[in-house]
Amino acid sequence: MKSTWSRSWVRSVQPRKQRKYVYNAPAHILKKLMSAPLTKELRKQFGKRSLSVRVGDTIKITTGQFEGIIGKIERVNVQKQRLFVKGAEQVKSNGQLAQYPIHPSNVIIVTPKLDDKKRKGALNRK
């Protein structure tokens, strides 16, 4: 793989090259990587397996200390590839609550926010 990010790079079995690809990827590619699987009912309804996450989507956390929590996405950090969900908060040493960052691969989209015509069209395209 080249020293800079390359669109023509296809794949590698080596995790170090996969990490390097993500680390050096520009923002528009990182946005595509910020996707989460849909529930089985939504898969049948829309004919798609996954969808990029967005503020306002209702998700269910599938792994980690907040497993089973269902909540809305309040914030998305594309650069660090993390979601911040209402209900997934940790207590700081001074007693304040802080939102816990969650990777999109560890969630399932329960109800997507379909206000946007483009997003609705992308789901119904198949």
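How many salt bridges does the structure hold? I looked and found two. I keep in mind that this is a predicted model.

**Entry 1: the salt bridges**

I began with Asp116. Asp116 forms a salt bridge with Arg54, and their closest N and O atoms are 3.6 Å apart. I then checked where the two sit. Asp116 is in the loop between β7 and α4 (117–123), while Arg54 is in the loop between β2 (50–52) and β3 (58–61), so the pair ties together parts that are 62 residues apart in sequence. Asp116 is partly exposed, with a relative accessible area of 30%. Arg54 is partly exposed too, at 31%.

Next I took Arg119. Arg119 forms a salt bridge with Asp57, with the closest N and O atoms 2.8 Å apart. Arg119 lies in helix α4 and Asp57 in the loop between β2 and β3, so this pair also ties together parts 62 residues apart in sequence. Are Arg119 and Asp57 buried or exposed? I found both buried.

**Entry 2: the sheet**

I traced an open sheet of five strands, in the order β6-β5-β4-β3-β7, with antiparallel pairing. β6 (97–102) and β7 (107–111) stand at the edges with a single partner strand each, so one side of each has no neighbour in the sheet. From one strand to the next, the twist averages 55°. I looked at one pair more carefully. β4 and β5 pair antiparallel over four bridges. Arg75 has Phe84, in β5, as its bridge partner.

**Entry 3: Gln81**

I found Gln81 in the loop between β4 (70–77) and β5 (82–91). Gln81 is buried, with a relative accessible area of 11%. Leaving out residues up to four places away in sequence, Gln81 touches several residues, including Val22, Leu30, Met34 and His103.

Methods. Residues are numbered from 1 along each chain as its sequence is written. This is a predicted model: local features need pLDDT of at least 70, side-chain atom pairs count only at pLDDT 80 or more; totals for chains, interfaces and linings use all residues. Side-chain values use heavy atoms; hydrogens and water are left out. Helices (H or I, at least four residues) and strands (E, at least two) are DSSP runs, numbered from the N terminus. Buried means under 20% relative accessible area, exposed over 50%, partly exposed in between (1.4 Å probe, protein chains only). Contact means heavy atoms within 4.5 Å. Two strands pair if DSSP finds at least two bridges between them. Axes are lines fitted to C-alpha atoms, for helices over the stretch in contact, and angles run from 0 to 180 degrees between N-to-C directions. A salt bridge is a side-chain nitrogen of Lys or Arg within 4 Å of a carboxyl oxygen of Asp or Glu.
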